[in-house]
Every structure is written in structure tokens, then in C-alpha cells.
Amino acid sequence: MSRRLVFCLLCSTLAACSSPNPYTATSNPLPPAPPQAAQTFDASAYPAAPRDWGRYRSWSWAGNQLPPGSALADSAQIAEAVSNGLDQRGLRPARGGPGDLMVTADVRLEKRLRQVQEDVAYGGGYGPYGPGYGGYGSYPVVRTYEVQVLVVRLNMFDGATNQPVWNASAETNSGGSESQRQDAIRKAVEKALTAYPPS
């Protein structure tokens, strides 16, 4: 093909692209809004107002019930650990009525799988230069263990609206003796409350 023929084809293609569009856009007008649309307000269309965490100063147990006890700890031990943790966050027990926050707590044992990788060395022996000069190396060995952990779950509800406002959970090693379990509950409560108040 000659260059002139290619050039002519290119020019005719470009000329066809520059012709006016034979189609025109048309649309029907939108129907009028229904009369009740002016009176309704959809709160879900707007973001929620930021929560003022400073107004929560007191707390009480939801339903005036201490957390349930278990084989790990009795109800009073769990309540004491939670009360101390909330006290460190500036929340005081409510006196004579419901608090600004209603709190629930749950403590249980759960199983977890832990993996540990160890590098096992091999080699040595006799090499070309005498004893101890052979090839050395290592290979990874992964061992899986099943362990029991103590899990603490905390839930907080607004005292006025009873709506959930915050929750967290944390886990720690379960411990063996009673004093070790009490320390484990206290540590798990402290871990769970590190995120309160949310920033």
C-alpha cells in the first residue's frame, strides 16, 4: 500500500469522527416531591454527633447485678477488679441511683492455639579439613500448643438511653493458683480499659 492511500484513509476516518452527533439528549422532568417529604427527617442520612465522654462521671452495674461468678473467680472478685479499673479512668460508683454508665462484665476461659518456631541445627562431623569442619545449617520446626487464656469482656451502656456506647475484651494467661487468677483478671481488665475513653 502506498503512503498516499494510507494517508487518505486516515483523513477520511478523522473526517467521519468530526461529524456532528445525530442524537440529542432528552429527559422527562422529575415528578414533584410528595407533600410529607417536607415534614420528615432522616437522621440516618447524617453522621452521629461526636460523643462527649467527659459527661460520663459515674457508673453502676447494669440491672443492679454484679457480674456472674465462675470457677475462675467469684462475683465479688470480678466486681472488685472492674471497679478498680474504672476508678483509674475517673469513673466513680454511682450513689443512690443509676450511674451515667451501666456496666456489664464477663470472665471466661477460652482455648487458643499458639505456634512456636525453633531453628534446629544440624551438621558438623568430618570435613576435608579435619573434624569439626563439615557442613552446618538449620531447619525450622514449628510446634503448636493449645493453651487456656482468661478472657474479660466489658460492655458499657448510656445510663439515660440504655444504648451501647463502648465495649472491649482482653485476654491474658489464666494462671494456676487463686492469687495468680486474681492477678490475671486484674491485668485483663486493665488491658481492656486501655482503650477507654476512645479518642
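α2 is followed by G90, whose phi is positive, near 85 degrees. Helices (H or I, at least four residues) and strands (E, at least two) are DSSP runs, numbered from the N terminus. This is a predicted model: local features need pLDDT of at least 70, side-chain atom pairs count only at pLDDT 80 or more, and totals for chains, interfaces and linings use all residues. Residues are numbered from 1 along each chain as its sequence is written, and side-chain values use heavy atoms, with hydrogens and water left out.

**Helix α2**

- α2 has 14 residues. From first C-alpha to last it reaches 20 Å, close to the 20 Å expected at 1.5 Å a residue. The expected span is 1.5 Å times one less than the number of residues in the helix.
- Its buried residues are S75, Q77, I78, A79, A81, V82, G85 and L86. Buried means under 20% relative accessible area, exposed over 50%, and partly exposed in between (1.4 Å probe, protein chains only).

**Helix α3**

- α3 has 16 residues and reaches 23 Å from its first C-alpha to its last, close to the expected 22 Å.
- Q182, A184, I185, A188, V189, A192 and L193 are the buried residues of α3. They cover an arc of only 160 degrees around the axis, which puts them on the same side of α3. The arc is that of the directions from the helix axis to the C-beta atoms.

**Nonpolar core**

- The largest nonpolar core has 31 residues. Such a core is a set of buried Ala, Val, Leu, Ile, Met, Phe, Trp, Tyr and Cys residues joined through side-chain atoms within 4.5 Å.
- V82, M156, W166 and Y196 have the most contacts inside this core.
- β1, α2 (75–88), β3 (101–123), β6 (136–158), β7 (164–173) and α3 each supply at least two of the core residues. The largest share, six residues, comes from α3.
- In soluble globular proteins, nonpolar side chains tend to be buried together.

**Aromatic pairs**

- The whole structure holds four aromatic pairs. Rings of Phe, Tyr and Trp (its six-membered ring) pair if their centres lie within 6.5 Å; planes under 30 degrees apart count as stacked, over 60 as edge-to-face and the rest as tilted.
- W53 and Y56 form a tilted pair, because their ring centres are 5.7 Å apart and their planes stand at 55 degrees. W53 is buried at 17% relative accessible area. Y56 is buried too, at 4%.
- W53 also pairs with Y196, edge-to-face, at 5.6 Å centre to centre and 85 degrees between the planes. W53 lies in the loop between α1 (3–17) and β1 (58–61), and Y196 in the segment after α3 (178–193), so the pair ties together parts 143 residues apart in sequence. Both W53 and Y196 are buried.
- W53, Y56, W166 and Y196 form one aromatic cluster.
- Beyond neighbours within four places in sequence, W166 is in contact (heavy atoms within 4.5 Å) with W53, L154, N155, M156, A192, L193, A195, Y196 and P198.
- The charged end of R51 sits over the ring of W53, 5.9 Å from its centre. A charge sits over a ring if NZ of Lys or CZ of Arg is within 6 Å of the ring centre and within 35 degrees of the ring normal.

**Backbone geometry**

- The peptide bond from Y196 to P197 is cis, with omega near -10 degrees. P197 lies in the segment after α3.
- N64, in the loop between β1 and α2, is not a glycine but has a positive phi of about 55 degrees. N64 is exposed at 73% relative accessibility.
- N162 also is not a glycine, and its phi is positive, about 65 degrees. This residue sits in the loop between β6 and β7. N162 is exposed at 55% relative accessibility.

**Two further sites**

- E110 is in strand β3 and is buried at 17% relative accessibility. Leaving out residues up to four places away in sequence, E110 touches V147, Q148, V149, V151 and R153.
- A94 lies in the loop between β2 (92–93) and β3. A94 is partly exposed, at 22% relative accessible area. A94 and S60 are 34 residues apart in sequence and 5.8 Å apart in space, C-alpha to C-alpha. Not counting residues up to four places away in sequence, A94 touches S58, W59, S60 and G99.
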